[in-house]
Amino acid sequence: MDAIALDSRLSKPTATFLSHHRKLLVDGEWVAAASGKTFSVYNPATGTVLAQVAEADKEDVDRAVRAARRAFDEGPWRKMTGSERGRLMWKLADLVEQHLEEFAEIESVDNGKPLAVARVADVPLTVDMFRYMGGWATKVTGSTIPWSVPNEFFSYTVREPVGVVGQIIPWNFPLLIAAWKLAPALAAGCTIVLKVAEQTPLSALRLGELIQEAGFPNGVVNILAGYGETAGAALAAHDDVDKVAFTGSTEVGKLIVKAAAGNLKKVSLELGGKSPTIVFGDADIEAAIPGAASAIFFNHGQCCCAGSRLYAHKRVFEQVVEGVSAEARKMKVGPGLDPSTDMGPLVSEEQFQRVTSYIESGIKEGAKVVTGGKKASGNGGYFVEPTVLTDTKPSMKVVREEIFGPVVCAEPFDDADLERIAKRANDTIYGLAASIWTKDISKAHKLANLLRSGTVWINCHNVFDASLPFGGYKQSGWGREMGSEALANYTEIKAVTTKL
Ligand code: NAI
Ligand code: MG
């Protein structure tokens, strides 16, 4: 086992948290894996070991699902009112807020993102999500339904929790996506087995401690760290899980669907994207340039909704490409804990290899590197320069596939026909997000109407609110996270009819 290397800049609570072996949360207890196995978690800024974590496997999944089942069928959770559930969620939100700095530090060293980003985005949005969904806990209602035959029957519907939910999450926003998953399921009254990403298990495990502190009954939230092919696959296939919710690659999303077929558990999926950023000639260029840059470079491009295809009108194309490239050159790439860092390392060596091989494939197929394109120097970490490619063609891999790194493909358009512009923007298997940059607001809304994606941003990109549904058309997924729509992922509807 490798020794844990702790950064001296970390606060005492974070250092203490990292220096103890982290365990699995099952039925309200922190337990070792049934196999006794642990795995190393790495700091992507240095490639050194950050923590040791218990490695859940099928047996641990069975144990956690049993606990969640008991908590759902027999525990106090089922009988708690929405108001009581909501209060617990608000308490949890308060606790996360009180520990904001610690969560930001954990997220920064585990995922690589700049501390400042975790402070203003990941952690506060997590707090908001628990508060927002805590409010819904008292508002999970049905309706009364008028019959076509008058005065013979009376019918109403109720929304009930779907039951035991398996949730599998990725590493790009480890704490925030945990909240996107947990909060609506808790509001609905489900019990949960959450399988966190093997690259970044730490913030969710810390969250587990606060879930206990807040006073959630045992077994309501169980948290497992472990690999996808073992723990994740066992959870997705488990016969006593009523629903599986997944965020990650489209490739694994398809495996989840197959695994879920055994007991036909309900499935919701939030998958990849290849989102267009569309800049018109009449855009406010001063806003569109930093906007298009941040659309792709925020979180190092490791966003499912990253604006990875940049289309700019011929009239402003050169200016936009030069502007976005200048923004890229200005960005300081370095460790997340360094206050001057704008962009941290990619999450893992695997992602580093993936992203750099995409850049190579683009070059090989004829793309031109305007800026970036190389490994950025730095101390054993997985740093890649923010990269702008031009001269790409719609058939190239870099244009078609999700790179999930700081790499944008810029192409000009010379057209006023919105149908044709939309056709190009929609030319992808994905349909997660898009942004439109123009001062002509009617044109923006007409184009928004033609885009096949779950989110359309006008004169902005990557803005989120707990109240807004988020999710994908086409191969970007099934169902919606956040907003009232997220409750549908975690409820069944029952129609009750009386003969009058
Ligand atoms: P992945 O889809 O393999 O992993 C996401 C989660 O699924 C992790 O918790 C993992 O342990 C689990 N998992 C993996 N295989 C599984 C299986 N057979 N059954 C059940 N669970 C399984 O993503 P990965 O390998 O980390 O990244 C690969 C690519 O996926 C990225 O380059 C990116 O393109 C995409 N991705 C998209 C994300 C999104 O937010 N839509 C997030 C992370 C990755
Ligand atoms: Mg994978």
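Ligand 1 is surrounded by 28 residues of the predicted model, the closest being Ile-169, Trp-171, Lys-195, Glu-198 and Ser-249 (near: a heavy atom within 4 Å). This shell comprises 14 nonpolar, 9 polar and 5 charged residues (Gly counts as polar; Asp, Glu, Lys and Arg as charged). The model is predicted, with local features requiring pLDDT of at least 70 and side-chain atom pairs pLDDT 80 or more, whereas totals for chains, interfaces and linings use all residues. Residues are numbered from 1 along each chain, ligands are numbered from 1 in the order written, and side-chain values use heavy atoms, without hydrogens and water.

Among the polar contacts (N or O pairs within 3.5 Å), a backbone N or O atom of Ile-169 lies 2.8 Å from a ligand 1 oxygen atom. A side-chain N or O atom of Arg-354 is 2.9 Å from an oxygen atom of ligand 1. The protein buries 92% of the 810 Å² that ligand 1 exposes when taken alone (Shrake-Rupley method, 1.4 Å probe).

Both domain 1 (12-271 + 477-496) and domain 2 (276-465) contribute shell residues, so ligand 1 lies between them (bounds from an automatic or database domain assignment).

Notes. A polar contact is a pair of N or O atoms within 3.5 Å; within protein, one must be able to donate a hydrogen and the other to accept it, and residues adjacent in sequence count only if both atoms are side-chain atoms.
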